[in-house]
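Please work through the exercises below with the sequence and the structure at hand.

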Amino acid sequence: MEPFKVYSLFDITPVRAKGCYLWDEKGTCYLDLYGGHAVISIGHSHPHYITKLTDQLNKIGFYSNSVKNPLQYEMAEKLGKLSGMEDYQLFLINSGAEANENAIKLASFVTGRSEILSFSKCFHGRTSGAVAVTDIPKIIAPINRTANAILSPFNDLKAAEEKLKTKKFAAVIIEGIQGVGGIHIPEPSFLEGLGELCKKYGTFLIMDEVQSGYGRSGKFFGFQHSKVKPDLITTAKGMADGFPMGSLLIHPDIQPWSGMLGTTFGGNYLACAAAIAVLDVMKDENLIENAKIMGDFLLEKLKEFPQIKEVRGKGLMIGIEFDKPMKAIREKLLYEEHIFTGAAGPNILRLLPPLILNKEQALFFIEKFSKVINECY
Ligand code: PLP
């Protein structure tokens, strides 16, 4: 048997990783400015993370959600404190798509409505509800196509109100910062306006913080650059530094009923141990602050390159847009300079490094980027 070939692969096999670095089987060292797609938040193989997971594995790794798991309470308390959302309730699952799927379902249960509004260029995952509200027709299978998923132009409040005033919408879903779509930041006034419209028309506001959350933008959540108060918040990528985990933060006014949501693996002991380790390190090492400082530094340096069409981002979620395909730049960075970066479509290079990135590493990237860009342009 072989893996189903849905990914285009780099010809590199990492076998070891530490902090912001990866090593392949030949011993070549790579600087990681991609974080395994925004997943590695506290750096690879952090000692506290290793200790927490190893200790937990030696005690109990898994039991179902039919018993009391104190780690879920510890994790919820720490997440509430660090994110400033202490009064919210927490539902744990295993991935970003699953988090959004549950958010959509919860909104529909509570409002009794079936339509969901999302925005141009959005990405919310690949499960049926999440993909239905995603703006990438190619990945929506016929069974996932539904008239209940409606798209509206990004940052256009008037257009959103036209739809929401029908009072048919269970929820509006929007990313804290659009990732896959190319690092597009919602205007704070747009988010705040959406929050007001949602209240006015009885619709839930879901903030998808799967990529932009967990300190990446220089605040715990991307939406915290505005004053909006969402009904539901979804997280995943950075929350357990690579251990599969997702979560749904639920406004205190929303009441659960037994059996409303459920999962086999979500919130298991190992996942919670990983998530607690991440929250501990984020707090102890001031990683949210570091993401802001290093992000501001990188954005300022990148703005000096005349070859770049536009640089967008907040914290360590940065998009570098060119007016032509950047494949050659990305490949040179990887194969010649040994730096991992991400992409968003053919023209946008995406930086999603671990939140522990330091100035020396950022400067190293700028120096190599400058070399590569001069060779390519
Ligand atoms: N939402 C956003 C904003 C994402 O960026 C992603 C993944 O890239 C998802 C949801 C889906 O997450 P997962 O791949 O964990 O299902």
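Two exercises with worked solutions follow.

The model is predicted: local features need pLDDT of at least 70, side-chain atom pairs count only at pLDDT 80 or more, and totals for chains, interfaces and linings use all residues. Residues are numbered from 1 along each chain as its sequence is written.

**Exercise 1.** Determine how the faces of strand E8 are covered and which strands pair with E8.

Solution. Strands (E, at least two residues) and helices (H or I, at least four) are DSSP runs, numbered from the N terminus. Step 1: E8 covers residues 204-208, and five of its five residues are buried (20 or more other C-beta atoms, placed from the backbone, within 10 Å of their own). Step 2: one side carries Phe 204, Ile 206 and Asp 208, and the other Leu 205 and Met 207. In a regular strand the side chains alternate between the two faces of the sheet. Step 3: E8 pairs (at least two DSSP bridges) in the parallel sense with E7, residues 169-175, over five bridges. Glu 175 stands opposite Asp 208. Step 4: E8 also pairs in the parallel sense with E9, residues 232-235, over three bridges; there Leu 232 is the bridge partner of Ile 206.

**Exercise 2.** Explain why helix H8 is described as largely enclosed.

Solution. Step 2: 12 of the 16 residues are buried, so H8 is largely enclosed by the rest of the structure. Among the buried ones are Leu 270, Cys 272, Ile 276 and Met 282. Step 3: the cover of these buried residues includes helices H2 (47-59), H3 (70-83) and H9 (287-302).

Note on methods
Contact = placed C-beta atoms within 7 Å.
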